[in-house]
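Reader: Hi! I have a structure open and would like to talk through how it is put together. Can you walk me through it?

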Protein chains: 2
Amino acid sequence: MTETNPYMERALEEARAAARRGEVPVGAVVVKDGRVIGAAGNRTRELRDVTAHAEVLAIRAACAALEDERLEGADLYVTLEPCTLCAAAISFARIRRLYYGAEDPKGGGVDHGARFYRQPTCHHAPDVYSGIAEREAAEILRQFFAERR
Amino acid sequence: MTETNPYMERALEEARAAARRGEVPVGAVVVKDGRVIGAAGNRTRELRDVTAHAEVLAIRAACAALEDERLEGADLYVTLEPCTLCAAAISFARIRRLYYGAEDPKGGGVDHGARFYRQPTCHHAPDVYSGIAEREAAEILRQFFAERR
C-alpha cells in the first residue's frame with residue numbers, strides 16, 4: 001500500500017472539503033467490490049449533530065446505497081484514527097477492513113483509550129491497517145487548527 | 001429517586017413503542033430545565049442506520065430543538081446501559097447526568113467493556129446513576145427476545 005492509494009486519496013479530498021466548510025478536517029470512504037459506496041467529510045457543526053463524523057456519514061451513505069443495515073465485506077478508509085463512537089459504528093456496521101491515516105492519541109478509540117476492538121463487549125472487529133498517508137492527513141489537521149488560532 | 005420517575009417512565013414508553021415496531025426495545029429521553037427536549041426509541045432497523053440508537057436519536061432531536069450542537073446542563077434517561085457508541089455520543093453532547101435502567105454486561109460501554117468515561121480519551125464524563133426502573137426495563141427486553149424465538 002503506497003501513499004497514493006486512490007481510496008485514501010478520496011478520503012483526503014473529503015477532509016480538505018470539510019476544512020473549507022470550517023469543519024474539523026477528517027474524511028472517510030466506504031468501498032465494496034472496488035466501488036466507492038459512501039464518502040463523507042465531518043459535518044458536526046453544519047448538521048448540529050455530534051455523531052456526524054466522517055465515518056458515520058460515510059457508513060450511513062453506504063447503508064442507504066446498499067439498502068442494508070450492515071456492510072459485510074466493505075472496507076472503510078479514514079484520514080484519522082476513528083474516535084470511540086466511530087470505532088463502535090464501524091464494528092456495528094460489520095466493516096471488514098479499516099484503513100486509517102494519522103493516529104489520534106487524544107481522541108482515538110482504536111489504538112488509544114477505549115481500544116474498542118479489544119473489548120469483550122465488541123462483537124465484530126475489523127482488520128486494522130494504520131499509517132496510510134498519515135503525514136498528509138495530519139498536515140491537513142495541523143494547518144486547519146493553525147489557521148484558526 | 002423512585003421507580004416512578006416521570007422521565008424514566010417516558011423512556012420506558014419509548015422502549016415499548018420500539019418493541020411494537022420490531023426494534024430492540026430501548027428508549028431514551030433528554031431533559032433540560034424540567035422539560036423533555038428529545039425522546040426516542042431505537043430505530044436501527046427502520047432507518048437502516050447502525051447509529052440510530054435511542055440515545056443518539058434523542059440527542060439529535062434535542063440538539064435540533066435547541067439549535068445547538070451541545071446539550072450543556074441537560075440530562076439523559078435511558079432504559080438500558082448505553083453501548084460504547086452512545087456513551088461517546090453522550091460525552092460529545094456534554095450531557096450533565098446520565099440515568100440508566102438495566103445494566104448491559106454484553107454490550108454496555110459505561111460500566112462494562114470500554115468504560116468510556118474512565119478513559120483518558122474521554123474529555124467530558126456525565127455523572128452516572130444506574131438501576132432506575134431496571135426491572136421494568138430488563139423485562140421489556142426479555143419479553144421482546146422471548147417472543148422472537
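Author: Happy to. One term before we start: a crossing is left-handed if the near helix is turned anticlockwise from the far one by less than a right angle, and right-handed if clockwise. Also keep in mind that this is a predicted model.

Reader: Thanks! What is the hand of the crossing where helix 3 of chain A passes helix 4 of chain A?

Author: The crossing of helix 3 and helix 4 of chain A is left-handed. Their axes come within 9 Å and cross at roughly 20 degrees. Angles under 35 degrees count as roughly parallel, and helix 3 and helix 4 of chain A are therefore roughly parallel to each other.

Reader: Which residues make that contact?

Author: Helix 3 of chain A brings Glu55(A), Val56(A) and Ile59(A), and helix 4 of chain A brings Leu85(A), Cys86(A), Ala89(A) and Ile90(A). Sorted by class, the contact of helix 3 with helix 4 of chain A has six nonpolar residues, no polar ones and one charged residue.

Reader: Nice. And how do helix 3 and helix 4 pack in chain B?

Author: Helix 3 (residues 54-66) and helix 4 (residues 84-92) of chain B pack at an angle of about 20 degrees, with their axes 9 Å apart. That makes helix 3 of chain B roughly parallel to helix 4 of chain B. Their crossing is left-handed. Here Glu55(B), Val56(B) and Ile59(B) of helix 3 meet Leu85(B), Cys86(B), Ala89(B) and Ile90(B) of helix 4.

Reader: How do the two chains relate overall, by what turn and what shift along the axis?

Author: Chain A can be laid on chain B with an RMSD of 0.0 Å by a turn of 180 degrees and a shift of 0.0 Å along the axis. The two copies are thus related as by a two-fold rotation axis. The same surface serves both copies, since 100% of the contact residues of chain A recur in chain B.

Reader: Good to know. Switching to sheets: what is the strand order in chain A?

Author: Chain A has an open sheet of five strands in the order 2-1-3-4-5, with mixed pairing. At its edges are strand 2 (35-41) and strand 5 (127-130) of chain A, each pairing on one side only. On average, neighbouring strands of this sheet are turned by 15 degrees against each other, direction ignored.

Reader: How do strand 1 and strand 2 of chain A pair, parallel or antiparallel?

Author: Strand 1 (residues 27-32) and strand 2 of chain A pair in the antiparallel sense over six bridges. In one of these strands, strand 2 of chain A, Ala40(A) is the bridge partner of Ala28(A). The hairpin of strand 1 and strand 2 of chain A has two residues between the strands, and Asp33(A) there takes a positive phi near 50 degrees.

Reader: Which strands does helix 3 of chain A lie across?

Author: Helix 3 (residues 54-66) of chain A lies across strand 1, strand 2 and strand 3 (75-80) of chain A, and runs at about 145 degrees to strand 2 of chain A.

Reader: Now helix 1 and helix 5 of chain A: at what angle do they cross?

Author: The axes of helix 1 (residues 6-20) and helix 5 (residues 134-148) of chain A cross at roughly 0 degrees and come within 10 Å. That makes helix 1 of chain A roughly parallel to helix 5 of chain A. On the helix 1 side, the contact is made by Glu9(A), Leu12(A), Ala15(A), Arg16(A) and Ala19(A), and on the helix 5 side by Glu136(A), Ala137(A), Ile140(A) and Phe144(A). By class, this contact of helix 1 with helix 5 of chain A has six nonpolar, no polar and three charged residues.

Reader: Last one, on chain B: which strands does helix 1 touch?

Author: Let me start from the pairing, where strand 1 (residues 27-32) and strand 2 of chain B are antiparallel over six bridges. Helix 1 (residues 6-20) of chain B packs on the sheet and touches strand 1, strand 2, strand 3 (75-80) and strand 4 (97-102) of chain B. The direction of helix 1 of chain B makes about 145 degrees with that of strand 1 of chain B. Helix 5 (residues 134-148) of chain B lies across strand 3 and strand 4 of chain B, running at about 60 degrees to strand 4 of chain B.

Reader: Great, thanks!

Definitions and conventions: Residues are numbered from 1 along each chain as its sequence is written. Chains are lettered from A and ligands numbered from 1 in the order in which they are written. This is a predicted model: local features need pLDDT of at least 70, side-chain atom pairs count only at pLDDT 80 or more; totals for chains, interfaces and linings use all residues. Side-chain values use heavy atoms; hydrogens and water are left out. Axes are lines fitted to C-alpha atoms, for helices over the stretch in contact, and angles run from 0 to 180 degrees between N-to-C directions. Helices (H or I, at least four residues) and strands (E, at least two) are DSSP runs, numbered from the N terminus. Angles under 35 degrees count as roughly parallel, over 145 as roughly antiparallel, 65 to 115 as roughly perpendicular and the rest as oblique. Contact means heavy atoms within 4.5 Å. Two strands pair if DSSP finds at least two bridges between them. Copies are superposed by least squares on the C-alpha atoms of residues with pLDDT of at least 70 in both. Ala, Val, Leu, Ile, Met, Phe, Trp, Tyr, Cys and Pro count as nonpolar, Asp, Glu, Lys and Arg as charged, and the others, Gly among them, as polar.
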